[in-house]
Amino acid sequence: MQPIAEFDVAIVGFGPAGAVAACWLGQAGVRTLVLEKSHTIWEIPRAIALDHEILRVFQNLGVVEEILPFTAPFGASEHFGAAGQLIRRIGVVDPPYPMGYLPNMVFTQPPVEAILRNRAASHTSVTLKLGSKVTALKHQHDGVLISTETDRGQSESFAAKYVIACDGASSNTRQMLGLVLDDLGFDEPWLVVDVIVNEDAIQNLPATCAQFCDPSRPCTYIIGPGNHRRWEIMLLPGEDPRQMEMEANVWPLLSRWLNPTDGKLWRASSYRFHALVASKWRDGRVFLAGDAAHQQPPFVGQGMCQGVRDVTNLCWKLVSVLRGTTRDAILHSYEQERSDHVRTLTSRIKNIGAAICERDPEAARLRDEALIRQGGGQALEVTRQEIVPPLQTGLIAPQHGPAAGVLFPQPTISTPRGPVRLDDLAADGWHLFIDGRSSSVALDSDELGLSVFILGGNGNPETEGVAAAWFDRHACAAAIVRPDHYVYCGLRTVNEIQKACEELRLRLRA
Ligand SMILES: Cc1cc2nc3c(=O)[nH]c(=O)nc-3n(C[C@H](O)[C@H](O)[C@H](O)COP(=O)(O)OP(=O)(O)OC[C@H]3O[C@@H](n4cnc5c(N)ncnc54)[C@H](O)[C@@H]3O)c2cc1C
C-alpha cells in the first residue's frame with residue numbers, strides 16, 4: 001500500500017474562500033493540500049461587489065495590482081419606495097480612504113478567482129489536486145484522514161493536521177460532520193440577470209445603482225465593471241424559477257430599461273436568497289469557512305467578503321499554532337469571532353432585504369414613511385461601511401480602552417521612494433502602532449514581543465492624516481493590532497502598553 005501523503009492543512013474547495021486560504025497558507029510556507037472536485041473556474045459571476053477590507057487582503061497576498069483592472073468603483077445605491085420616491089441612500093465614505101482603497105468596488109469574479117488560484121499555485125508549499133472530490137473525513141489522534149475520489153474514479157487518501165472546508169453552500173463536509181445551519185428567517189426567490197450592454201444603449205440606463213422597492217416587483221440594478229449591468233428581480237408567487245431563467249422570459253422583465261437588441265444576455269439564474277449560519281463552525285480539527293458556514297442575501301454584496309474574512313481570520317491563527325508560537329486554544333476564537341460577526345451582519349442584511357422584498361402595498365407605504373422619518377424627513381442615508389460591524393468577541397481586549405475589534409486603518413506613508421501603503425512597510429504579524437504626535441517614547445520591540453511602528457510626529461510621516469484621524473476619533477495614543485489588522489486593544493496612554501502586552505503574551509503563550 002502507498003504511504004499516505006501528509007500535510008499541515010487540507011483545504012476542501014477552491015472557490016474564492018479556498019483560494020484565499022491557500023494563498024495565506026502558501027505565503028507562510030505551510031504544507032497545504034487543496035482538493036477541488038472541478039477542473040475549471042465557474043465562468044459565471046456570482047459576487048459582483050467587494051469592499052476595501054478585501055482589497056487590503058488582496059494587497060497582503062501580493063495580487064491587488066493584478067486584480068484592480070477587473071474592478072470599478074461601486075457608487076451609492078439609491079432605494080426607491082412604492083411611489084418611486086427616494087427612501088434610502090446607501091452612500092460611500094469620502095476620501096481619504098481608511099484602508100487605502102475606495103471603500104466599495106464592483107468586480108468581475110471569474111478573472112479575479114483565476115488570479116487568486118494562480119497565486120496559490122505559485123507557492124511551493126501548496127499542492128493542488130483538481131478533479132478530486134472529498135468523499136469522507138475521519139478524525140485521527142493528531143489529524144484528519146481525508147478520502148477522495150478523482151474524476152477518473154480513483155480513490156486516494158491524505159492526512160492533514162487541520163482541514164478547512166470551503167466547499168460552498170451545499171458543503172458535503174458540513175453534512176458529513178452533521179453540522180447544521182441556523183435559519184435566520186429569510187427565504188425569497190430571485191432571478192439574477194447579467195447583461196453586457198451595447199455602447200449606444202448604456203447611456204440610457206440609470207447612472208446610479210438602485211433598489212426599486214416596488215411591492216409589485218422588487219428589483220435591484222447594479223452597475224458592474226465596463227458594460228456589465230446586473231438586475232436582480234424578485235420572482236412572484238406562481239412563477240417557475242427555471243422557466244423564468246429562459247431568455248424569452250427575461251427580456252420582458254428588463255423592458256423598462258432594455259430591449260433584446262441592446263445587449264447580450266450573459267446569464268440568468270434563479271436563486272433562493274437565504275440567511276443561514278452554521279450553528280457550529282468547527283468539529284475537532286475541521287473548520288467551516290465561506291458559504292459552507294453561512295449564506296446571506298446579496299443586497300449589500302457581502303457573501304464572498306465574509307468568506308475572505310473567515311479564512312483570513314483562521315489562517316494566521318493556524319500558522320502561529322503550526323509554528324508553535326501560540327497555544328492551540330487560540331483556534332477557539334475563530335468560531336467565536338466569525339460566527340458572531342456573520343450573524344450580526346447577516347441580520348442587518350436580512351432586515352434591509354425584508355424591507356426591499358415587501359410585497360404588501362400598505363406595509364410598503366408604512367415602510368417608506370418609517371424610513372423617511374428615520375432620515376429626519378428625507379431619505380435615510382447610511383454608508384455600506386456602517387453596516388459591517390466590528391468584532392465583538394474573541395481575541396480582543398476592550399477592557400484596556402477603545403477601538404478593540406475595529407479594523408486598524410492603512411495610512412499611506414511618505415518615504416524617500418515615494419508614498420507607500422502601511423502594510424507594504426510594516427512586517428507581517430502583531431504590531432504596536434503608536435501615535436507619534438502624542439508620544440516619542442522609545443520602546444523595545446523584542447521586549448514587547450511585537451513590532452513597534454510610530455505613525456506621525458517624529459515617526460513615519462503619513463500623507464493624508466488617516467492614522468491621526470483614527471487615533472483622534474478613538475481617543476487612543478496607541479493600538480495593539482493583530483496580524484489580520486483587527487485592533488486587539490486601543491490604549492489611552494503609552495504607560496498601559498507594558499501591561500497590555502504582558503496580558504496578550506499570557507493569552508497566546510504556546
Ligand atoms: C446572485 C449572487 C450574488 C452575489 N453577490 C455577491 C457580492 O456582490 N459580493 C459578495 O461578496 N458576495 C456575493 N455573493 C456571494 C458569493 O458569490 C459567494 O459567497 C462566494 O462565491 C462563495 O465562495 P466559497 O469559496 O465559499 O464557495 P464556492 O464559490 O461555492 O466554492 C466552493 C468550491 O468547493 C468545491 N467543492 C464542493 N464540494 C466539494 C468536494 N466534496 N470536494 C472538493 N471540492 C468541492 C466546488 O467545486 C467549488 O469550487 C453572491 C452570490 C450570489 C448567488
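This is a predicted model: local features need pLDDT of at least 70, side-chain atom pairs count only at pLDDT 80 or more; totals for chains, interfaces and linings use all residues.
Colleague: Where do I start? Which residues have the most contacts inside the largest nonpolar core?

Modeller: They are A10, A21, V163, I164, A289 and V311. That core has 108 residues.

Colleague: Which helix gives the most to this core?

Modeller: Helix α9, residues 303–322. It supplies nine residues.

Colleague: Take A289. What does A289 touch, leaving out residues up to four places away in sequence?

Modeller: A17, A21, I164, A165, C166, G307, D310, V311 and L314. A21, I164 and V311 are also on the list of residues with the most contacts in the core.

Colleague: And what lies apart from that core?

Modeller: Another core, of 35 residues. Among them are A404, I454, A467 and A478.

Colleague: Let's look at β2. Why is it largely enclosed by the rest of the structure?

Modeller: Five of the five residues of β2 are buried, so the rest of the structure largely encloses it.

Colleague: Which way do its residues point?

Modeller: T32, V34 and E36 point one way from β2. L33 and L35 point the other way. In a regular strand, side chains alternate between the two faces of the sheet.

Colleague: What joins β1 to β2?

Modeller: Four bridges, and the two strands run parallel. β1 covers residues 5–12. A10 stands opposite L33 in β2.

Colleague: How many bridges pair β2 with β8?

Modeller: Five, in the parallel sense. E36 stands opposite L130 in β8.

Colleague: Last topic. What is the strand order in the open sheet of nine strands?

Modeller: The order is β19-β16-β12-β15-β14-β13-β5-β6-β20, with mixed pairing.

Colleague: Why is one side of β19 and of β20 left without a neighbour in the sheet?

Modeller: β19 (294–295) and β20 (380–383) stand at the edges, each with a single partner strand, so one side of each has no neighbour there.

Colleague: And which residue stands opposite F80?

Modeller: F212 in β13. Strands β5 and β13 run parallel and are joined by four bridges.

Key. Residues are numbered from 1 along each chain as its sequence is written. A nonpolar core is a set of buried Ala, Val, Leu, Ile, Met, Phe, Trp, Tyr and Cys residues joined through C-beta atoms within 7 Å. A residue is buried if 20 or more other C-beta atoms lie within 10 Å of its own, exposed if 12 or fewer, and partly exposed in between; C-beta atoms are placed from the backbone. Two residues are in contact if their C-beta atoms, placed from the backbone, lie within 7 Å. Two strands pair if DSSP finds at least two bridges between them.
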